[in-house]
Amino acid sequence: MGLLSGLHKAFDHRIRLGIMSILMVNESVDFVEMKKLLGVTDGNLASHAKTLENDMFITVTKSFIGKKPNTRYSATLLGKKQFKQHLDALEKLMNT
Amino acid sequence: MHKDEVIKDIQEIKTLMNRSSRFLSLSGYSGILAGVYALVGGFVVLSILQNKELNTNKIIFLSLLIGISVMCLSISTSLLLNSRVAKKNNENIWSPTARRLMFHFSAPFVSGALFVFVLLYHEYYELLSPVMLVFYGLAVINASKFTFGSTQYLGIACLLLGFFNLFVFEYGVFFWMLGFGFCHIVYGVLMLINQK
């Protein structure tokens, strides 16, 4: 198994890496909180979240709190597993 | 992938994980002040105990009053100073991370407070100081997962002091002053040194 094999293409972008990192240690995070933590624009966050959702690494739950729309993100088991593999691969690379 | 990129990625991951799950806007000064309040309160209780004219009930009542005052002062000082630090860090003292911290601290803390009141009701006065130290230590250890991890050492110190106190009831006030006073001052100072 090569050193690069654990790395996943989906995480090869700072914002997607950030989204997964945050969702690894929080059950669910809403759109506003996520945007604040990453310091990105609405559109940026939405499009990268869409990519991760298409890969089935995160779930996007849209609901209403009263009249206000609320979007929450959660990592799936698959997403957590893949991200952990990515982290392990990164740490292996760091130790070479 | 270059090694520097890898290191940068890992650092970014760790930072985001911490920032999203831990409330880090704590002020070292709040620890120091809480410790000072406790020491002052402790000395007042010691001088009350020297007073032969007061009966046990009055002593207990006054000590309780002092204990509650120290606690209220410490909590309000801490809220005030921490919200200032939070504002500087562009954080909010009512953010999800802060509320999580407060909840996980409160569960053992409130249980301990209720336990203390029951002890007062049963007049088990020797257990007051050990129980306060043990429950507070547990509260801090529990909370350390949601703020600086180093906080757990403060919790462990109070926990141990509480257990030792169980074998030397006569020195209850001293153990109380050590845990709530001295340990908090040391912790606050270490925190300030670390932040500089």
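Is A:Asp42 buried, partly exposed or exposed? With a relative accessibility of 40%, A:Asp42 counts as partly exposed, because that value falls between the 20% limit for buried and the 50% limit for exposed. Keep in mind as we go that this is a predicted model.

A:Asp42 forms a salt bridge with A:Lys35, and their closest N and O atoms are 2.6 Å apart. A:Lys35 is likewise partly exposed, at 30% relative accessibility.

The C-alpha atoms of chain A fill a box of roughly 50 × 25 × 20 Å along the principal axes. Of its 96 residues, 42% count as buried. Take the contacts in chain A between residues at least 6 apart in sequence: 57% of them join residues at least 24 apart. The accessible surface of chain A comes to about 5700 Å², and carbon and sulfur atoms account for 57% of that area. As for charge, chain A carries 14 positive and 9 negative charges, with mean positions 4 Å apart.

Along its principal axes, the C-alpha trace of chain B spans about 75 × 30 × 25 Å. Chain B has 196 residues, of which 40% count as buried. Among its contacts between residues at least 6 apart in sequence, 74% join residues at least 24 apart. Its accessible surface is about 11500 Å², with 69% belonging to carbon and sulfur atoms. Chain B has 14 positive and 9 negative side chains, and the centres of these two sets lie 7 Å apart.

Now for the interior. In soluble globular proteins, nonpolar side chains tend to be buried together. In this model the largest nonpolar core has 30 residues, and A:Met34 and A:Leu38 touch the most other members. Several elements give two or more residues to this core: from chain A, helix H1 (14-25), helix H2 (31-38), helix H3 (42-54), strand S3 (68-75) and helix H4 (77-94), and from chain B, helix H1 (3-21). The most comes from H1(A), which gives six residues. Leaving aside neighbours within four places in sequence, A:Met34 is in contact with A:Ile19, A:Ile22, A:Leu23, A:Val29, A:Leu45 and A:Tyr73. A second, separate core has 28 residues, including B:Leu26, B:Ala38, B:Leu161 and B:Tyr187.

A buried residue of another kind is worth a visit in chain B. B:Ser129 is found in helix H5 (residues 128-143) of chain B. At 8% relative accessibility B:Ser129 counts as buried, because that figure is under 20%. Apart from its neighbours within four places in sequence, B:Ser129 is in contact with B:Asn165, B:Gly172, B:Phe175 and B:Trp176.

Let's return to the charged pairs, where we began. Side chains of opposite charge can pair when their charged atoms come close. Over all chains the count comes to four salt bridges. Which chains does the pair of B:Glu12 and A:Arg14 join? B:Glu12 lies in helix H1 of chain B and A:Arg14 in helix H1 of chain A, so this pair joins two chains. Their side chains meet in a salt bridge at 3.2 Å, N to O. B:Glu12 is partly exposed, with a relative accessible area of 25%, and A:Arg14 is also partly exposed, at 45%.

A further salt bridge sits within a helix. A:Glu53 and A:Lys50 both lie in helix H3 of chain A, three residues apart, about one turn of the helix. The side chains of A:Glu53 and A:Lys50 meet at 3.4 Å, N to O. A:Glu53 is partly exposed, with a relative accessible area of 27%, and A:Lys50 is partly exposed as well, at 46%.

Definitions and conventions
Residues are numbered from 1 along each chain as its sequence is written. Chains are lettered from A and ligands numbered from 1 in the order in which they are written. This is a predicted model: local features need pLDDT of at least 70, side-chain atom pairs count only at pLDDT 80 or more; totals for chains, interfaces and linings use all residues. Side-chain values use heavy atoms; hydrogens and water are left out. Helices (H or I, at least four residues) and strands (E, at least two) are DSSP runs, numbered from the N terminus. Buried means under 20% relative accessible area, exposed over 50%, partly exposed in between (1.4 Å probe, protein chains only). Contact means heavy atoms within 4.5 Å. Accessible areas come from the Shrake-Rupley method with a 1.4 Å probe; for residues, only the protein chains shown count as cover. Lys and Arg count as positive and Asp and Glu as negative; His and the chain ends are not counted. The place of a charge is taken as NZ of Lys, CZ of Arg, CG of Asp or CD of Glu. A nonpolar core is a set of buried Ala, Val, Leu, Ile, Met, Phe, Trp, Tyr and Cys residues joined through side-chain atoms within 4.5 Å.
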